[in-house]
Amino acid sequence: MVDAHTLLTVNEDRLVSDLEELGRFGRNEQGGVDRESFSQTDQEARRWLISRCQEAGLEVRTDSIGNMVISSPVLEAAAPDKAPVWSGSHIDAVPNGGIFDGPLGSLAAVECLRRLHETQTPLARPVQAVVFSDEEGSYASLLGSTALTHGFTTEQLSDLSSRYGQPLAEALPAAGGDLAGAAELKLAPGSVHASVELHIEQGPVLEETGTQIGVVTAIVTMGGGTVRFTGKADHAGTTPLDRRQDASLAAAQFILALPQKVRAISPDAVATTGIIRVEPSSANVVPESVEIVVDFRDPSREKAEQLKTAVLEAAQAAADEHSVRFTDGLKPLVDGAVMDSGIRQVIAEVAAGHLFSTMDIPSGAGHDSQNMAAIAPTGMIFVPSTGGHSHSPAEHTPWPDVIRGANTLLGTLTALAKE
Ligand SMILES: [Zn+2]
């Protein structure tokens with residue numbers, strides 16, 4: 001599978017300047033990027049990307065929910081009716097996000113397609129670049145790829161609104177999409193031959209181990225929701241300690257119990273209690289209720305289920321100990337995905353061909369690839385994130401790492417498109 005064609009390399013200057021240019025759309029005073037899907041800024045960025053593709057002789061089709069599929073007339077004509085190899089990511093950003101999370105995988109895919117197009121590399125099937133809409137989930141997590149892989153009903157889409165309260169039913173048509181069409185996008189299995197996404201790691205492991213390329217093994221299954229403890233509000237001065245039902249004590253015990261329980265389940269598991277809301281939140285009132293937002297993740301679905309059970313048991317034990325009530329507000333697990341073993345092997349072989357160091361690594365973050373894995377063999381390539389930072393202006397990946405990632409992607413796509 002891996003031959004001389006898989007050592008074709010990207011145009012480094014072109015990719016770097018594309019990343020820098022896209023990073024200017026929505027740049028704010030803190031040096032971060034505000035680029036919510038379907039916003040004015042997002043539409044300007046899309047128009048820029050479309051013109052970059054057209055300059056290279058590529059064609060861009062935007063579907064009803066704003067996913068962009070970019071193709072080469074040369075590659076399409078050479079292998080008509082063959083299911084394409086897809087590669088892509090997203091160009092929307094979290095509020096005050098960085099310039100690499102999403103744009104790297106999107107623009108590297110476009111650069112790979114451009115190279116295959118201009119070199120007229122002989123392939124058995126076309127490669128297409130994809131930009132999924134609203135990966136960061138202002139409206140719904142992984143919105144665009146979910147529409148393609150799992151589908152939405154018009155009613156489900158009508159119920160969605162952005163993190164700022166804007167209904168999708170207004171934002172989507174304003175950005176050129178349409179709600180009814182967005183409910184008809186689900187792809188048939190087999191319509192995509194394989195899918196590969198390049199992404200920044202968003203964690204510290206590759207940098208700390210001095211590894212150039214991460215071969216993603218699995219994307220975590222995510223769980224979470226709220227755990228609420230309800231006791232009794234009382235006067236903070238006149239109620240003796242042993243007469244109280246203090247919800248904050250149960251909350252504290254619960255939070256402290258979690259790390260040990262999580263470690264006992266799996267070395268890859270994590271749990272976070274990122275939001276704590278105390279009611280009535282008054283210095284002279286015994287806390288009546290504490291609501292904690294919990295997030296927990298593991299690459300294995302089975303372990304994630306065990307985590308959920310452990311969270312509920314820890315909460316119940318804490319509630320019992322402090323004579324308060326516990327309410328379970330955890331949501332159903334969001335499935336991750338195991339990456340295709342054949343594609344993992346191709347990624348590792350291509351990277352080795354370039355003499356890049358590699359390691360297997362799970363993804364602790366969610367990605368569109370977890371959706372693509374439901375309809376096609378899917379792989380992901382990680383490159384290092386400086387300091388492990390992401391979703392902030394500090395997000396950074398050195399250019400040599402960007403280029404190594406893009407060249408690994410290009411070789412992988414070439415090998416898969418020769419099948
Ligand atoms: Zn991303």
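The following legends describe several close-up views of a predicted protein model.

Residues are numbered from 1 along each chain as its sequence is written, and side-chain values rest on heavy atoms, with hydrogens and water left out. Because the model is predicted, local features need pLDDT of at least 70 and side-chain atom pairs count only at pLDDT 80 or more, while totals for chains, interfaces and linings use all residues.

**Figure 1. Overall view of the protein.**
The protein contains 14 helices and 13 strands; helices (H or I, at least four residues) and strands (E, at least two) are DSSP runs, numbered from the N terminus. Its radius of gyration, taken over C-alpha atoms, is 23 Å, close to the 22 Å that the globule rule gives for 419 residues, so the protein is as compact as a globular protein of that length. The globule rule is 2.2 Å times the number of residues to the power 0.38. Along the principal axes, the C-alpha atoms fill a box of roughly 80 × 45 × 40 Å. Buried residues make up 54% of the 419 residues; buried means under 20% relative accessible area, exposed over 50%, and partly exposed in between (1.4 Å probe, protein chains only). Of the contacts with a separation of 6 or more, 79% join residues 24 or more positions apart, where contact means heavy atoms within 4.5 Å.

**Figure 2. The annotated site of Asp101, Glu136 and His391.**
An unreviewed UniProt entry gives these three residues the annotation "binding site". UniProt positions are given in the numbering used here, feature names are shortened, and annotations may be inferred rather than shown by experiment. The three residues span 291 residues in sequence, yet no two of their C-alpha atoms are more than 10.0 Å apart, so they gather at one spot. Asp101, Glu136 and His391 belong to the lining of the largest pocket. On a 1 Å grid over the protein atoms alone, a pocket is an open set of points where a 1.4 Å probe fits, with protein on both sides within 12 Å along at least five of seven lines; lining residues have an atom within 4 Å of a point.

**Figure 3. Asp101 and His391 in their loops.**
Asp101 sits in the loop between strand S3 (85-90) and helix H4 (103-119), and it counts as buried at 5% relative accessibility. His391 sits in the loop between strand S13 (378-383) and helix H14 (399-417); at 38% relative accessibility, His391 counts as partly exposed. The side chains of His391 and Asp101 are joined by a polar contact of 2.9 Å. A polar contact is a pair of N or O atoms within 3.5 Å; within protein, one must be able to donate a hydrogen and the other to accept it, and residues adjacent in sequence count only if both atoms are side-chain atoms. The side chain of Asp101 also makes polar contacts with the side chains of His90 (3.1 Å) and Gln202 (3.1 Å). Not counting residues up to four places away in sequence, His391 touches Val94, Asn96, Gly97, Asp101, Glu136 and Gln202.

**Figure 4. The annotated site of His90, Asp101 and His199.**
A further "binding site" feature in an unreviewed UniProt entry is placed at these residues. They span 110 residues in sequence, yet no two of their C-alpha atoms are more than 9.9 Å apart, so they gather at one spot. Among them, Asp101 and His199 are included in the lining of the largest pocket. His90 is found in strand S3 and is buried, with a relative accessible area of 0%.

**Figure 5. Ser89 in strand S3.**
Ser89 counts as buried at 0% relative accessibility. Its side chain and that of Glu197 are joined by a polar contact of 2.7 Å. Beyond four places in sequence, the residues that Ser89 touches include Gly102, Val131, Leu198 and Asp368.

At the N-terminal end, Asn11 caps H1, with a side-chain oxygen 3.3 Å from the backbone nitrogen of Asp13.

**Figure 6. An aromatic cluster.**
Phe229, Phe254 and Phe326 form one aromatic cluster, and the whole structure holds 6 aromatic pairs. Rings of Phe, Tyr and Trp (its six-membered ring) pair if their centres lie within 6.5 Å.

Key. Phe/Tyr/Trp six-rings, centres within 6.5 Å; stacked < 30°, edge-to-face > 60°.
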